[in-house]
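I set out to record what I looked up in this structure, beginning with the pairing of strands and ending with the pockets.

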Amino acid sequence: GDASIQPCHTAEAVKIMEYSLKSTLIGLVQSLFGRCKYRWVEATFPFTYPSFELEIFYNDEWLEVLGCGILMQDILVKSAVPNKVGWAFGLGLERLAMAMFNIPDIRLFWSEDERFLKQFRVDNIHRPIKFEPYSSFTSRTRDIAFWLPTGFEEMDFYDFVRDKLPRDSVEDIKLIDNFTKEDRTSHCYRVTYRAWDRHLTVEEANMIHDTLAAEVGKIGGVVR
């Protein structure tokens, strides 16, 4: 008999199942990664025979994305469907997600850090996402409240902070309060400072925040 197939299978049946298996999984991979080069590699798994691994050429290297094969007939016999044939596959969702979203560390998937989780809350699941790394060092939070200059909007402040302060020193900005008195409007923002390469000291955070207050004054904002 043919040693490349299970004794109970005919070559024709295996050829049909293999075509179904491979075409389905190529469709799956291309729906995730787009049209890409791929290759099949012979493999060995305990529950399938013959067995294969599917690799794709992604980010200039071959990446293994899944294993698969024709299901061992004995499994179907013991499952009370002896007259059926089938195929099976398995893939590591974390590894796929790491490749798709450029996530550098598999441990992040067990993180409850909101900075990680919020990047994957989207209204449209088809919107492209690229993971934005963040620092694990200590953060420092400071509030700044000021009367707005004429024509100044909330979005202007976000751009202003990132333009005026040291690069990558600001992790987050939130508007936490606003009120209007007569013809003047005041905003209060909570600014989170965090360095990429070390813990930020209280003194350093205060110095950066003092710089921000001075810059706000230069554009006509009156710090309260």
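I looked up T48 and found that its bridge partner in strand 3 is L71. Strand 2 (residues 48-58) and strand 3 (residues 61-71) pair in the antiparallel sense over nine bridges. I take strands (E, at least two residues) and helices (H or I, at least four) as DSSP runs numbered from the N terminus, and I call two strands paired if DSSP finds at least two bridges between them. Two residues lie between the strands of this hairpin, and N59 there takes a positive phi near 55°.

I noted the basis of these entries: the model is predicted, local features need pLDDT of at least 70, side-chain atom pairs count only at pLDDT 80 or more, and totals for chains, interfaces and linings use all residues. Residues are numbered from 1 along each chain as its sequence is written, and side-chain values use heavy atoms, with hydrogens and water left out.

I then followed strand 3 onward. It pairs with strand 4 (residues 87-90) in the antiparallel sense over four bridges, and G67 has G90 as its bridge partner in strand 4.

I next examined an open sheet of four strands, whose order is 6-7-5-8 with antiparallel pairing. Strand 6 (170-181) and strand 8 (222-223) are at the edges with a single partner strand each, so one side of each has no neighbour in the sheet. Strand 6 and strand 7 (residues 184-194) pair over 10 bridges, and D177 has C188 in strand 7 as its bridge partner.

I checked which helix packs on this sheet. Helix 6 (residues 202-218) does so, touching strand 5, strand 7 and strand 8, where contact means heavy atoms within 4.5 Å.

I turned to the largest pocket, which holds about 550 Å³ of space. A pocket is an open set of points on a 1 Å grid over the protein atoms alone, where a 1.4 Å probe fits, with protein on both sides within 12 Å along at least five of seven lines; lining residues have an atom within 4 Å of a point. The volume is the space filled by probe spheres set on the points, which are joined across faces, edges and corners. Of its 23 lining residues, Y134, R162, V170, E171 and D172 are the closest to the centre. Strand 6 supplies the largest share of the lining, four residues.

Helix 1 (11-33) and helix 3 (93-101) each give two or more residues, and helix 1 gives the most, three.

Notes. Axes are lines fitted to C-alpha atoms, for helices over the stretch in contact, and angles run from 0 to 180 degrees between N-to-C directions.
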